[in-house]
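Thanks for coming. Please have a look at the chain first.

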Amino acid sequence: MVGWIRERLWRRDLIAVAVCLAGALWVYMRLWRDPAAREPAYYASDPAQHKWFLAHGLRVVTGAVDPFFTEMLNAPHGVNLMANTTMLGLGVPLAPVTWLFGVDVSLAVALTVGLAGTAFAWYWLLSRHVVTSPLAAAVGGLFCGFAPSMVSHAGWHTNFVAQFLVPFIVWRVLKLAEEGRVVRNGVILGLLVAYQAFVNEEILLFTALASGVFLGIWALQRRRFSWTFVKALGVTGLVAFALLAYPLWVQFFGPMHYSGLSSHGFNVRADAISYFAFGTETVSGIARANEGIAPNFAEENTFLGLPLLVLVAVIVWWRRRDVVIRALALTAGVFALFSLGTRIRINGHSTGIPGPWAVLDRVPILDAVMPSRFGLVVTACVGVLLALGTDEYLRVVREAGHEETAPEWTRRQTGRLGLAPARLLGLGALAVALLPVAPTPLRMIDHEPMPRFITDGGWRAYVTPGQTLVPIPIPEPGEGTGMHWAALNRLEFAIPRGYFMGPEEGVAGNPGTFGAPKDPAVELINRIRIDEDEPLVAPTPVWREEVVKVLREWNAAVIVLNNHYSYADEHLENLTILFGQGQLIGDAWVWDVRGIVRGSDR
């Protein structure tokens, strides 16, 4: 009998894996047509950054490099990688894929497996420990994996898509109260926590906060307290601390560390009306309609849609006597309020009313959180509520078929409709709520071809260890081409500046901000003339001295401009004024600046 049950569960699991993988391939179908030539239609610098991180994971496996700090980015100052979304928990396991097929394919695999794995992990948790109906588990799992908030991150934030450890962490948190297994349960959770820290610390923080809020609300309702839970949690802390002590020291006290976020981070908050809207990459989504109520297309963390909210409200009201339902609903409410940030905004307009997060936004560690992302916690709570509601509805309908044992209320309600119509009514309600937020294939565009000077290794004749290759445009937040070039070459050359989180003004301990400090010399190198009637003034000797100074600071060897770049002609005009006529090597303009850096004529 036990073997039959296990075989049946395995069959269901295989079907669930296939469905989740099919869903992920549906979302990324346009990317898989050509991973090396395709990128998301919006904000392409994030994928370039994550390709760089995957290449770093390969270097950690194949070479003696520091996993937590690098000078290959933002040379010569470097980047504190533990203070960034380095994704070693993904990059290291994917190192063989990166080695064999390159970072473009590796990123596509990470995104696809991350999305499918998250959906399946929630299905597994729900089917094994929460609900009895496979359909209910599938509803909850697929929603948690393919909700609008997840799909909004799917083209940009690999580390947010890969939430497959979260359900297991939640499960093991609940197991901490199990008598007689304090050490075992504490160690298992500690290992999961440590691994999740190397996938994404922000998701780990959200999971910890959500678990704490949920258990606190549940315990208050049940009036229970467990010393066993506390002791096992202590074991978890010891194990996680032993594994994470040094990485966290580097993150919070090492070179180029930062404290909290600058004002930019605090502006990433949800608009209250966004909960009623549909995500851009969903069946009912309209990109232009979301422009005023989402920080950007990659941060639609709170978009659920009115039909789904109505269905969840009905489930909560119907099952309001259930302690778990109440705890989940209150937890979702708490984090929905947190997601509104320090000042509540409605339909793009600030109300001036302080949000609950205003009390917590200066607390260490919490001060580095982007409040809008608390919507991801709401998504998970909604997914579990959907599973519980579906499971209970199916149970009620099923019991109505046994009139001799069914409760009077059940017989009365289903008797009015009949069993088949009652089932169809429930499935219809799910369809009305979920179909509008079903994901559509992500929009992709073709990026410009990579110059052969980069892909074929022509740069090797110019750049030696300790020198930098300067891509044009110079790498900045929003401009990830140079990081992509470096990733394609397995980070064998360093680049200046880049897209990363670092301290303001480059001073360790300052609030965190995106990219390197502004530099007039960098702006001069990057400048272009959009309007043909606008004069492009030749640099003065003072300007040129500043440019040479920054090139020497970077120990630059060569400047490279992709001739396929959309503004290549404009950049060429400016660079020719600065450095003279470049050399066209294949499809790249190249300026050998080693002589300038050494102080001799170019």
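Before I use the word helix, let me say what it covers: a DSSP run of H or I, at least four residues, numbered from the N terminus. Keep in mind as well that this is a predicted model.

Side chains of opposite charge can pair when their charged atoms come close. In this structure there are 15 salt bridges. I will go through a few.

Take helix α17, which runs over residues 375-400. Arg395 and Glu392 both sit in that helix, 3 residues apart, so about one helical turn separates them. Their side chains form a salt bridge, and the closest N and O atoms are 2.4 Å apart. Are these two partners buried or exposed? Glu392 is buried, at 12% relative accessible area, because the cut-off for buried is under 20%. Arg395 is partly exposed, at 29%.

Next, Arg319 and Asp322. Here the salt bridge has an N to O distance of 4.0 Å. Arg319 has a relative accessible area of 26% and is partly exposed. Asp322, at 27%, is also partly exposed.

Arg594 is partly exposed at 23%, and Asp592 is partly exposed at 35%.

Note on methods
Residues are numbered from 1 along each chain as its sequence is written. This is a predicted model: local features need pLDDT of at least 70, side-chain atom pairs count only at pLDDT 80 or more; totals for chains, interfaces and linings use all residues. Side-chain values use heavy atoms; hydrogens and water are left out. Buried means under 20% relative accessible area, exposed over 50%, partly exposed in between (1.4 Å probe, protein chains only). Helices (H or I, at least four residues) and strands (E, at least two) are DSSP runs, numbered from the N terminus.
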